[in-house]
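Take a look at the model below.

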Amino acid sequence: MAQQRVLVIGGGLAGLAAAMQLAESEIAVDLMSLTPVKRSHSVCAQGGINSVNNYTRQQGDSEWEHFKDTVYGGDFLQHQPPVKEMADWAPRIIDLMDRLGVPFNRTAEGNRDQRRFGGTLYKRTAFAGATTGQQLLYALDEQVRRWETAGRIKKYEFWDFLGPILDEQGVCRGGVAQDLVSMEIRDFPADAVVLATGGCGLIYGRSTMSMACTGSAVSRAYQAGVKYGNGEFIQVHPTAVPGADKLRLMSESARGEGGRVWVPRKPQDPRPPRQIPEAERYYFLEERYPKYGNLVPRDIATREIFSVCTKEGLSIDATRLCVYLDLTHIPRATLDAKLKGILEIYEKFQGVDPRDEPMKIFPAVHYSMGGLWVDFEKHAQTGGLVLNSPRNQQTNVPGIYAIGECDYQYHGANRLGANSLLSCIFSGLIVAGTIRTNLKNIPGKAAADQPAGLFSQAVRYHQERHNQLLTRPAGRENPYLLHQELGLLMTKVATVVRENKLLAAAIDQVAEMEERAKQCSLSDTGAWTNQNVVFTKALLDMFPLAKLILRGALQRDECRGAHYKPEFEFPGLTATDSAEKLAQAETWCDRFEENTRRWLKSTIATCGPNNDPVITYEDVDTSLDTPRPRLYGLVGADTIEQVWKKRQEQRASRPLGGANGHSPSQMAGNPVPAKLVAT
Ligand SMILES: Cc1cc2nc3c(=O)[nH]c(=O)nc-3n(C[C@H](O)[C@H](O)[C@H](O)COP(=O)(O)OP(=O)(O)OC[C@H]3O[C@@H](n4cnc5c(N)ncnc54)[C@H](O)[C@@H]3O)c2cc1C
């Protein structure tokens, strides 16, 4: 049998972790990326990476608390076993990265320094200044280069993955890709194809993501039959600054180091911010959520900032929506030691030193919680994963795996800050065990032994599509303007606040844009480094993903994490009389339970005719931590917390099998398969 090979597409943290681990397992890897791997979007990650550590353990933290914060932060929409396994691995992952040379910030005693991030009360985040992603990426890149020299990894930078190659049984046997310099299109026979291609923020036009985050590779896998989970869950980060080209993140680490969000109490107060006295400042996050303060999870902080600016009319500028993110009370030396990377970005693009003046920020599209559907196998005793199971991180198409930001597995309805770098490295490491197991049991011959026609036919298909784009008569449409139009529409209807009427209309508008995109004129029809045709292909592949985001959002009639429809929000408690307040809280909890029964399900999209998504729903494995109201200590919501607690106590005192029947001990011996159910 010919040598087995694995094609890893994507050289960000997830892809590099997978390539390194596969190579260490003596498996040959082809590693492909649109950009040099060291320019992958992961290089932009600023704030840090989460794990329980010696410092937080002394305060009562544990892997279990990290797991619980993550599923609470995700509004319970993620399968719990993979999240538990990830939290269990986190300390070992940080140790590994430390050993590989990541220059984590240190305390005076030489311990790793830690900061707090959103959605937790513990200082769980390790960081390397404000360039954590870059340091992690470079450390993994060194390992990959070591294996490249040893001949076990072959790197293909500046290559665009065009689609998987499936045999007659629907098993993946490799992929087709295009060299972005010579424009050659060729096949890559592979016994496993791992997608590690990151997020799809470019569908929204401007976002905090890099220009390569178009979602093209994921869309191509989706159009070939891979299911997509929870597409409607798009994270809008609370603190970014606008730019004509993109939106620049001011990392949550700024608030982790003590940054405070505020607006003047007087609308559009003309005084310079530092002349506004404390009493006349509205620290709205601290006032509304005293327990978590400025570090409530991102979905909540974003909605509050949005509401302060739009509903309450307190934007600091009359002409644009923004609030202050204030670091000026922190000593300059501390800011430089811990946040220099992002302060320089602000200074460079806004012309103001944030050490002297509060920053002006507003929310921006940042991350996709949804992604390609992947499987897992739960461990009956630990409640985590069965390692090396053939199922972990495998999609519904045999031989195609997804890891990192492009899978849907770890963050549910809202990702907690500093958990993405962790999920990228974790999923990259564990997918190697899955592949090792599966390579031993591949049906039929190795990919390289498959009939040559399988590969030549796939290459021909993509070559013809490419030629058609170059040679068709000039049309009326400009791909860059269409992309702008798509971005504006998606930003308007599918970000912070969503309304069914607008979503339904947007579905038709996107379908119409998709038709128009077939008439795009290419300004470059050359056969050498043709970026115009590459972008046009990526644009065409944005529409199927835009459609599934919109359709999933339209159908989900509830509020969960980043998905917010005011129409379905539960009213807050208005009564002042305590008995009446209690009655209102009981009704609130009844509604919460009913909503959980109806909507605690993942949205699963399958690509149908005309690239329209066919939506089904999947039960979520909540066997380890029972879903509960997600209030984060909101002022005025304490009666709801009390009623909920009482209900849980009553349930716990009933014999097993009562209520929702989920208790960790009960479920631990009863693995719940990830199953896809249609409604
Ligand atoms: C500004 C910013 C700051 C952040 N800070 C943090 C942080 O502090 N902590 C945290 O946990 N998370 C952070 N995140 C999120 C985190 O950076 C990302 O989720 C993570 O880096 C994604 O890594 P990845 O390996 O999945 O994909 P990426 O790093 O995005 O890599 C994707 C790879 O796929 C390749 N690719 C894509 N399409 C194709 C194609 N068609 N053909 C071939 N190759 C392709 C690309 O070239 C690239 O190599 C931040 C995000 C942003 C935007």
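By class, how many nonpolar, polar and charged residues does the shell around the ligand have? The shell has 15 nonpolar, 19 polar and four charged residues. Here Ala, Val, Leu, Ile, Met, Phe, Trp, Tyr, Cys and Pro count as nonpolar, Asp, Glu, Lys and Arg as charged, and the others, including Gly, as polar.

The model is predicted: local features need pLDDT of at least 70, side-chain atom pairs count only at pLDDT 80 or more, and totals for chains, interfaces and linings use all residues. Residues are numbered from 1 along each chain as its sequence is written, and side-chain values use heavy atoms, leaving out hydrogens and water.

Now the shell itself. In total, 38 residues surround the ligand, each with a heavy atom within 4 Å of it. The closest are S40, S42, G47, E405 and S420. Several elements supply at least two shell residues each, among them helix 1 (13–24), strand 7 (159–166) and helix 11 (420–439). Helices (H or I, at least four residues) and strands (E, at least two) are DSSP runs, numbered from the N terminus.

Next, the polar contacts (N or O pairs within 3.5 Å). A polar side-chain atom of S420 sits 2.7 Å from a ligand oxygen. For S33, a polar side-chain atom is 2.9 Å from a ligand oxygen. A14 uses a polar backbone atom, 3.0 Å from an oxygen of the ligand. Taken alone, the ligand exposes 1000 Å², and the protein buries 98% of that; areas come from the Shrake-Rupley method with a 1.4 Å probe.

Finally, F158. This residue is found in the loop between strand 6 (153–157) and strand 7. F158 counts as partly exposed because its relative accessibility is 40%, between the limits of under 20% for buried and over 50% for exposed (1.4 Å probe, protein chains only).

Key. A polar contact is a pair of N or O atoms within 3.5 Å; within protein, one must be able to donate a hydrogen and the other to accept it, and residues adjacent in sequence count only if both atoms are side-chain atoms.
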